[in-house]
Amino acid sequence: MNKYVKEFLLRGMIFGGFGPIILAIIYFIVEKLHPETTFNGTEILLGTVSVYLLAFVHAGASVFNQIEAWGINKSIGWHFGVLYAAYSICYLINTWIPFDLKIFGIFTGIFIAVYAIVWITVYICIKHTVKKTNEQLRKTI
């Protein structure tokens with residue numbers, strides 16, 4: 001088995017459990033803010049399985065950024081595509097967003113914007129860290 005597939009699965013298994021914990025916290029908050037809201041067993045089961053798989057895929061997808069043979073565009077493209085597919089499917093199956101083209105377009109726009117903000121932030125932080133490290137290296141030489 002490819003080492004990156006193994007790493008994807010390992011990361012997914014390690015971090016997948018955080019999804020149901022976050023979902024339980026969200027259900028708790030919803031109950032406190034809206035006591036009239038109830039969740040049936042099907043909703044709880046579907047939500048729990050969905051967010052486990054979502055967290056699994058999210059954690060596993062980080063391996064795409066470490067495949068040295070891939071360029072930055074390919075790794076970000078795969079990372080984005082896998083996450084977008086996982087989130088879209090999960091949100092639609094759980095009816096967290098309705099199956100309406102207009103609303104799905106809004107979801108897509110928000111997803112792209114948040115994804116871009118996160119990656120721009122990561123890029124700036126890494127660039128700053130590299131600059132700082134290079135300055136420290138120059139001082140020691």
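Where is the place of Thr95? The close-ups below answer this and visit a few other spots. This is a predicted model, in which local features need pLDDT of at least 70, side-chain atom pairs count only at pLDDT 80 or more, and totals for chains, interfaces and linings use all residues. Residues are numbered from 1 along each chain as its sequence is written, and side-chain values use heavy atoms, with hydrogens and water left out.

**View 1. Thr95 sits in the loop between α4 and α5.** Helices here are DSSP runs of H or I with at least four residues, numbered from the N terminus. Thr95 has a positive phi of about 55°, although it is not a glycine. Thr95 is exposed because its relative accessible area is 64%; the label "exposed" is given over 50%, "buried" under 20%, and "partly exposed" in between (1.4 Å probe, protein chains only).

**View 2. Helices α4 and α5 cross at roughly 140°.** Look for residues 72-93 to find α4 and residues 101-140 to find α5; their axes come within 11 Å. An axis is a line fitted to C-alpha atoms, for helices over the stretch in contact, and angles run from 0 to 180 degrees between N-to-C directions. The two helices α4 and α5 are therefore oblique to each other. Angles under 35 degrees count as roughly parallel, over 145 as roughly antiparallel, 65 to 115 as roughly perpendicular, and the rest as oblique. The crossing of α4 and α5 is right-handed, a word used if the near helix is turned clockwise from the far one by less than a right angle, with anticlockwise giving left-handed.

**View 3. Ser88 is a buried residue of helix α4.** Ser88 counts as buried because its relative accessibility is 5%. Between Ser88 and Phe111 there are 9.5 Å in space, C-alpha to C-alpha, and the two are 23 residues apart in sequence. Helix α4 also holds Lys74, which is partly exposed with a relative accessible area of 41%.

**View 4. Helices α2 and α3 cross at roughly 135°.** Their axes come within 7 Å, and α3 covers residues 41-61. That angle makes α2 oblique to α3. The crossing of α2 and α3 is right-handed.

**View 5. Arg11 and Glu7 meet in a salt bridge.** Side chains of opposite charge can pair when their charged atoms come close. In this pair, the N to O distance is 2.8 Å; a salt bridge is a side-chain nitrogen of Lys or Arg within 4 Å of a carboxyl oxygen of Asp or Glu. Both Arg11 and Glu7 belong to helix α1, 4 residues apart, about one turn of the helix. Arg11 counts as buried at 14% relative accessibility, whereas Glu7, at 28%, is partly exposed. A search of the whole structure finds 1 salt bridge.

**View 6. A nonpolar patch lies on the surface.** Its members include Leu10, Phe15, Phe18 and Leu33, and the whole patch has about 1100 Å² of accessible area. Patches are made of residues with over 30% relative accessible area and no salt bridge, joining like charges within 9 Å and nonpolar side chains (Val, Leu, Ile, Met, Phe, Trp, Tyr) within 5 Å. Accessible areas come from the Shrake-Rupley method with a 1.4 Å probe, and for residues only the protein chains shown count as cover. Helices α1 (3-15) and α2 (18-33) each supply at least two residues, and α2 gives the most, with 8 residues. Phe15 lies in α1 and counts as partly exposed at 41% relative accessibility.
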